[in-house]
Amino acid sequence: QVHLVESGGGRVEPGGSLTLSCVASRPLATSEQMAWYRQVPGKERDIVASITHDGIKGYVGAVKGRFAISRDIATNTVYLQMNDLTSEDTGIYFCNDFIGGKFTWGQGLQVTVSS
């Protein structure tokens, strides 16, 4: 069982930047995919960005060009660098681990973009 601990959430003004971190309790396997999801009131939790062990990245269209997902294999950490934030980016952000057909979630971080 892997545990995911997120950090870095908070409030930021429109146009600002914020970086989220997610630390896994064990090294990531070669078949393991990491991702960031977000959820806002009235909507389902949707994927924002993903990264494979080989470094292949994917982004939802709404954040492409503004967000960057990365990882540090040595520290079992995945990051989400968020730039040029808008109010539409407000929500709860969840780190996700997928391996062996099982999803594991971080505790969730509130990100609020407001002036």
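Some ground rules, everyone. This is a predicted model, where local features need pLDDT of at least 70 and side-chain atom pairs count only at pLDDT 80 or more, while totals for chains, interfaces and linings use all residues. Residues are numbered from 1 along each chain as its sequence is written, and side-chain values use heavy atoms, with hydrogens and water left out.

Now the overall fold. The chain has eleven strands and zero helices, where strands (E, at least two residues) and helices (H or I, at least four) are DSSP runs numbered from the N terminus. The radius of gyration, taken over C-alpha atoms, is 13 Å, close to the 13 Å from the globule rule (2.2 Å times the number of residues to the power 0.38) for 115 residues, so the chain is as compact as a globular protein of that length. Along its principal axes, the C-alpha trace spans about 40 × 25 × 25 Å.

How much of the chain is buried? Buried residues, meaning those under 20% relative accessible area with a 1.4 Å probe and protein chains only, make up 40% of the 115 residues.

You'll find Ser 21 in strand β3, residues 18-24, and Ser 21 is buried, at 16% relative accessible area. Leaving out residues up to four places away in sequence, Ser 21 touches Val 5, Glu 6, Ser 7, Trp 36, Val 78 and Tyr 79.

Contrast that with Gln 1, in the segment before β1 (4-7). Gln 1 has 80% relative accessibility, so Gln 1 counts as exposed (over 50%). The C-alpha atoms of Gln 1 and Arg 71 are 70 residues apart along the chain and separated by 20 Å.

Last stop, the largest pocket. A pocket here is an open set of points on a 1 Å grid where a 1.4 Å probe fits, with protein on both sides within 12 Å along at least five of seven lines; lining residues have an atom within 4 Å of a point. The largest pocket holds about 210 Å³ of space, the volume being what probe spheres set on the points fill. Strands β4 (33-39) and β5 (46-52) are the elements that give two or more residues to its lining, and β5 gives the most, with three. Among the lining residues are Arg 38, Gln 39, Ile 47 and Glu 88.

Conventions: Contact = heavy atoms within 4.5 Å.
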